[in-house]
Amino acid sequence: LQAMDNISQYTNNLQDSRFILLLSCFIKQLETQLKVEKEHPLVFKIKSYVKNNIAEKITLADISEYTFFSAVHCEMVFKQKTGMSIIEYVLKERIAMAKSLLMEGSLPLTKISEMVGFSDYNYFSRTFKKQTGYTPLAYKKNASKFSNK
C-alpha cells in the first residue's frame with residue numbers, strides 16, 4: 001500500500017504502467033492470501049506444542065494444560081479440523097522427523113528414536129515400518145532413493 005501511495009503521488013495518470021503493475025501485484029497477493037484457509041487457533045496451538053516437545057512424552061493431559069481446554073475438546077476440534085487424532089499427528093510428526101534424521105545418516109538408530117520421542121527402540125521400529133513400509137535401517141540404507149521423492 002505504501003508503494004502504491006508513493007507512485008500515486010508522482011503521477012496523476014491512473015493509466016501509468018507502474019501503478020497498474022503494482023495494483024495487479026497487490027490484487028494477486030490478496031487473492032492468494034484469501035485462498036489460504038486460516039488454521040484454527042486451537043489446532044495451531046496444539047501443533048506448536050507438539051513441534052516444541054517432539055522429543056518428550058506428549059499426553060492429551062499435557063496438551064489440555066497447555067491450551068486451557070479439556071482434552072476431549074482438544075481432541076474433538078483437532079480431529080474435526082485435520083481429519084486425524086492428536087496422537088496420530090504426534091506419530092506422523094515423529095516419523096517425519098525420524099526420516100529426516102535418517103537421511104542425514106550420521107546418527108545411530110537408537111539415538112534417532114530417542115530424539116523423536118520414542119523411549120523404546122522396538123516400538124519406534126514397528127511404528128516406523130507401519131507408517132513407511134520400511135524398517136528404519138532399510139530406510140537409512142536406501143536414503144538416497146527416498147531423497148528424490
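Contact means heavy atoms within 4.5 Å. This is a predicted model, in which local features need pLDDT of at least 70, side-chain atom pairs count only at pLDDT 80 or more, and totals for chains, interfaces and linings use all residues. Residues are numbered from 1 along each chain as its sequence is written, and side-chain values use heavy atoms, with hydrogens and water left out.

**Exercise 1. Determine which residues join α3 to α6, and how the two helices are oriented.**

Step 1. Helices are DSSP runs (H or I, at least four residues), numbered from the N terminus. From α3, Ile46, Lys47 and Val50 meet Ile86, Tyr89, Val90 and Glu93 of α6.

Step 2. By class, this contact of α3 with α6 has 5 nonpolar, no polar and 2 charged residues. Here Ala, Val, Leu, Ile, Met, Phe, Trp, Tyr, Cys and Pro count as nonpolar, Asp, Glu, Lys and Arg as charged, and the others, Gly among them, as polar.

Step 3. The angle between α3 and α6 is about 40°, and their axes are 10 Å apart. Axes are lines fitted to C-alpha atoms, for helices over the stretch in contact, and angles run from 0 to 180 degrees between N-to-C directions.

Step 4. The two helices are therefore oblique to each other; angles under 35 degrees count as roughly parallel, over 145 as roughly antiparallel, 65 to 115 as roughly perpendicular and the rest as oblique.

**Exercise 2. Describe the packing of α4 against α5.**

Step 1. The angle is about 95° and the axes lie 8 Å apart, which makes α4 roughly perpendicular to α5.

Step 2. Leu60, Ile63, Ser64 and Thr67 of α4 make the contact with Ala71, Cys74 and Glu75 of α5.

Step 3. These residues divide into 4 nonpolar, 2 polar and 1 charged.
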